[in-house]
Amino acid sequence: MLDNIIPKLRLQLAKAHKILPQDIAASVEKVYSDILLMRDFTLNEFQRIQHDANLNENDRNIVRRQVLEKAITKLEMLKSRRSAADLIERLEAKLSQDPEANGDRLLKFLKEREVRDRLAGMTESQVLSHFEKSLLEGSNQLLLDAILNAPPGFEMLSPKLLKKLKRVRGKHYYPEVVAQLEAMQEMNAIIINMFTLVRAELDKLRKKYLPIYIVEKSA
């Protein structure tokens, strides 16, 4: 039961210990342990079903499928509990904050608006052709803030690029937040990959115990 994907899960765990801080890698270790416990639950239930003399083979398949459905439910509950999506969202929100918002707001706003006025009418490719290097390096802070602090509905660059520039600004003002965010994103990607592997295998096993006529119809 799940034996063919356990080595893949161990590879993901090894990757976590290699690239993540020890305390964050411990969360991946916990996910691995949770999956093994879910696997053990399924194995024990299958053994009980196999030795139940009151069940014929068709009944066994029905009960096996029910066990796998319970395992899938357990897996989805684990996935929701172990997800770092909320923390990642909070860290990204932190990077979106203007670190100089508590200064002379009016003067800062006027300076940024002047920059935005000068860029008005330029396409994203035109902005990048002139300022890509300074934006990605964070060397022109006024330009960076002017673009990132544009009012909603008046964004000058694509959401994907704005997200990247928030990270650039964050590395200057909030290096510890960026480091934590990158680690949490790596951790979350590993965990999601582990859950995806297990879910695919459980779905495959569950299909094996569907009634024959349903399998043939869906094939």
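Below are my entries on helix packing, salt bridges and one surface patch.

**Ground rules.** I'm working with a predicted model, so I noted that local features need pLDDT of at least 70, side-chain atom pairs count only at pLDDT 80 or more, and totals for chains, interfaces and linings use all residues. Residues are numbered from 1 along each chain as its sequence is written, and side-chain values use heavy atoms, with hydrogens and water left out.

**Helix pairs.** I began with a reminder to myself: two packed helices are described by the angle between their axes and the distance between the axes. The helices are DSSP runs of H or I with at least four residues, numbered from the N terminus. Axes are lines fitted to C-alpha atoms, over the stretch in contact for helices, and angles run from 0 to 180 degrees between N-to-C directions.

I looked up helix α2 (residues 22-50) and helix α3 (residues 57-82) and found them packed at about 165 degrees, axes 10 Å apart. Angles under 35 degrees count as roughly parallel and over 145 as roughly antiparallel, so α2 and α3 are roughly antiparallel. Their crossing is right-handed; that word means the near helix is turned clockwise from the far one by less than a right angle, and left-handed means anticlockwise.

Next I checked helix α6 (residues 124-137) against helix α8 (residues 159-173). Their axes come within 11 Å and cross at roughly 20 degrees, so I wrote down α6 and α8 as roughly parallel. Here α6 passes α8 in a left-handed crossing.

**Salt bridges.** How many salt bridges does the structure hold? I got 18, with a salt bridge being a side-chain nitrogen of Lys or Arg within 4 Å of a carboxyl oxygen of Asp or Glu.

One of them joins the side chains of Asp3 and Arg39, at 3.4 Å from N to O. Asp3 sits in the segment before α1 (6-19) and Arg39 in helix α2, so this pair ties together parts that are 36 residues apart in sequence. In space, I found Arg39 and Asp3 to be 9.3 Å apart, C-alpha to C-alpha. Is Arg39 buried or exposed? It counts as buried, at 16% relative accessibility; the cut-offs are under 20% relative accessible area for buried, over 50% for exposed and partly exposed in between, with a 1.4 Å probe and protein chains only.

I then turned to Arg64, which bridges to Glu57 with the closest N and O atoms 2.9 Å apart. Arg64 is buried at 6%, while Glu57 is partly exposed at 42%.

Arg199 and Asp203 were my next pair, meeting at 3.0 Å, N to O. Both lie in helix α9 (residues 175-208), four residues apart, about one turn of the helix. Arg199 is partly exposed at 30%, and Asp203 is partly exposed too, at 31%. Elsewhere on my list, salt bridges that share partners join Lys108, Glu112, Arg116, Asp145 and Arg169 into one network.

**A nonpolar patch.** Last, I noted a nonpolar surface patch of about 280 Å², made by Leu106, Phe109 and Leu110. Patch residues have over 30% relative accessible area and no salt bridge; nonpolar side chains (Val, Leu, Ile, Met, Phe, Trp, Tyr) are joined within 5 Å, like charges within 9 Å. The areas come from the Shrake-Rupley method with a 1.4 Å probe, and for residues only the protein chains shown count as cover. Leu106 lies in helix α5 (residues 105-119) and is exposed, with a relative accessible area of 58%.

Methods: Helices (H or I, at least four residues) and strands (E, at least two) are DSSP runs, numbered from the N terminus. Angles under 35 degrees count as roughly parallel, over 145 as roughly antiparallel, 65 to 115 as roughly perpendicular and the rest as oblique.
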